[in-house]
Amino acid sequence: MATAIRCFRHLPSLLYRSSFAVTRGLPQAPAGCPALPLDGCRQCVHQMLLTRQLATKKAKGKGQTQARVNISAALVEDIINLEETSEDMQAVVEALKEDFSRNLGVRTSPGALDHIIVVTKDGKFPLNQLGQISQKSPQLLIVNMTNFPESTAAATKAIRESGMNLNPEVDGTIIRVPIPKVTREHRESLAKLAKQSTNKSKEALRKVRSKSINQVKKFKNKVSEDTIWLLEKQIQQMADSAAAEMDKLLAAKTKELLG
């Protein structure tokens with residue numbers, strides 16, 4: 001009995017140090033706690049933290065800032081893998097960043113053509129797997145299609161329709177790609193493409209969010225309503241954070257393109 005009382009006496013200080021089940025995880029049970037084998041202290045603290053978070057939510061009036069939810073991933077791993085959700089969302093952000101870097105630069109380089117997708121009768125392939133790309137001069141790129149001459153027409157079409165304002169010229173199995181002069185119109189065209197790419201990435205982000213929330217809802221009859229609400233809110237916060245990062249990337253790229 002005395003050891004049980006000693007265990008619960010530690011709860012206020014544990015709650016004070018944990019505040020919102022920060023990512024470092026919940027504190028371990030005090031030494032001598034009889035609930036340790038069942039991880040009882042962690043479960044008690046977790047439930048009390050969930051209750052405190054819900055109370056915070058209900059206490060906030062309309063228009064007031066609500067406290068952020070931050071649940072330890074280890075405590076809900078049987079419901080959803082929050083770390084995996086975070087990684088999936090960040091992968092979408094990184095893909096957008098890579099797209100901006102590779103395809104939406106003011107100056108066209110050989111690397112900008114590498115991942116243009118060419119549709120052939122045998123499937124879809126990156127241009128750099130079909131042809132050898134080189135830069136003959138600052139104003140001219142060369143794509144040598146000698147190894148796959150039958151794909152020359154398809155490669156030319158892919159370059160022309162890449163959205164990079166390129167007008168390739170064919171000479172046998174050689175594709176010449178003049179680099180256009182950087183005009184204001186070209187810059188504005190690239191800025192529009194950046195906006196389109198961002199919108200597509202946000203759509204992919206919403207799919208990740210919806211998939212995760214649907215996973216959580218599968219447990220609505222197995223865990224408390226408070227837990228479901230908190231998990232959905234945390235997933236939404238993660239999506240909002242990723243979307244905000246995309247907006248910053250778009251703003252920076254637009255400034256770079258338009259000056």
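## Terms and model

A nonpolar core is a set of buried Ala, Val, Leu, Ile, Met, Phe, Trp, Tyr and Cys residues joined through side-chain atoms within 4.5 Å. Buried means under 20% relative accessible area, exposed over 50%, and partly exposed in between (1.4 Å probe, protein chains only).

This is a predicted model, where local features need pLDDT of at least 70 and side-chain atom pairs count only at pLDDT 80 or more, while totals for chains, interfaces and linings use all residues. Residues are numbered from 1 along each chain as its sequence is written, and side-chain values use heavy atoms, with hydrogens and water left out.

## Fold overview

The protein has eight helices and six strands. Helices (H or I, at least four residues) and strands (E, at least two) are DSSP runs, numbered from the N terminus. From that end the order is α-α-α-α-β-β-α-β-β-α-β-β-α-α.

Of the 259 residues, 36% count as buried. Contact means heavy atoms within 4.5 Å. Among contacts between residues at least 6 apart in sequence, 63% join residues at least 24 apart.

In soluble globular proteins, nonpolar side chains tend to be buried together. Here the largest nonpolar core has 32 residues. I80, L82, M89, F100, L231 and I235 have the most contacts inside it. Helices α4 (82–103), α7 and α8 (225–258) each supply at least two of its residues. The largest share, 12 residues, comes from α8. A second, separate core holds 17 residues, including A112, L130, V143 and M145.

## F100 and T198

Not counting residues up to four places away in sequence, F100 touches G105, A194, S197, T198, L249, L250 and K253.

T198 sits in helix α7 (residues 184–217). Its relative accessibility is 0%, so T198 counts as buried. Beyond its neighbours within four places in sequence, T198 is in contact with L96, F100, M246 and L250. A polar atom of the T198 side chain lies 2.9 Å from the backbone oxygen of A194.

Which residues of helix α6 (residues 152–160) are buried? They are T152, A155, T156, A158 and I159. These residues cover an arc of only 160° around the axis, which puts them on the same side of α6. The arc is that of the directions from the helix axis to the C-beta atoms. The buried residues of α6 pack against β1 (117–120), α5 (127–130), β4 (140–144), β5 (169–171) and β6 (174–178).

T120 is found in strand β1. T120 is buried, with a relative accessible area of 15%. Leaving out residues up to four places away in sequence, T120 touches F125, L130 and S151.

## Largest pocket

A pocket is found on a 1 Å grid over the protein atoms alone: an open set of points where a 1.4 Å probe fits, with protein on both sides within 12 Å along at least five of seven lines. Lining residues have an atom within 4 Å of a point. Grid points are joined across faces, edges and corners, and a volume is the space filled by probe spheres set on the points.

The largest pocket holds about 390 Å³ of space. Of its 16 lining residues, D99, N103, S162, S197 and K200 are the closest to its centre. Helices α4 and α7 each supply at least two lining residues. The largest share of the lining, five residues, comes from α7.

## E256 in α8

E256 lies in helix α8. With a relative accessible area of 44%, E256 is partly exposed. The E256 side chain makes a polar contact with the side chain of K253 (3.2 Å). A polar contact is a pair of N or O atoms within 3.5 Å; within protein, one must be able to donate a hydrogen and the other to accept it, and residues adjacent in sequence count only if both atoms are side-chain atoms. The C-alpha atoms of E256 and R187 are separated by 9.3 Å, and these residues are 69 residues apart along the chain.
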